Amino acid sequence: AATGPADLTLKVDGMTCPHCVASVKRALEGIAEVTEASPDLTAGLVRIRGDHLDASGLIRAIEGAGFAASLTKKP
């Protein structure tokens, strides 16, 4: 797990419209450690800022919202 402030980028499959983006953002921002989630509809990615981010927990939150997610390498 990361220590201190961190950025994490996840690939999200299934985001096809602004409503999807809002669902992913809401699911992630409901997690205490997340300060901001910024989904990018065209890239199919979501950039997450927060403290002590747990990638597996974030992926589970996205999957709970009905999307598939996976870790991506930073560009």
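**Salt bridges and a strand residue**

Tutor: A network of salt bridges links Asp7, Arg47 and Arg49. A salt bridge here is a side-chain nitrogen of Lys or Arg within 4 Å of a carboxyl oxygen of Asp or Glu. This is a predicted model: local features need pLDDT of at least 70, side-chain atom pairs count only at pLDDT 80 or more, and totals for chains, interfaces and linings use all residues. Residues are numbered from 1 along each chain as its sequence is written, and side-chain values use heavy atoms, leaving out hydrogens and water.

Student: How many residues apart are Asp7 and Arg47?

Tutor: Their side chains meet in a salt bridge, 2.4 Å from N to O. Asp7 is in strand β1 and Arg47 in strand β3 (residues 45-51). Strands (E, at least two residues) are DSSP runs, numbered from the N terminus. The separation is 40 residues.

Student: What is the N to O distance between Asp7 and Arg49?

Tutor: Asp7 lies in strand β1 and Arg49 in strand β3, so the pair ties together parts 42 residues apart in sequence. Their side chains meet in a salt bridge, with an N to O distance of 3.4 Å.

Student: Is Thr9 buried or exposed?

Tutor: Thr9 lies in strand β1 (residues 5-13). Buried means under 20% relative accessible area, exposed over 50%, and partly exposed in between (1.4 Å probe, protein chains only). Thr9 has 14% relative accessibility, so Thr9 counts as buried.

Student: Which residue forms a salt bridge with Asp13?

Tutor: Asp13 is partly exposed, at 40% relative accessibility. The closest N and O atoms of the pair are 2.8 Å apart, and the partner is Lys11.

Key:
Helix = DSSP H or I, 4+ residues; strand = E, 2+ residues; numbered from the N terminus.
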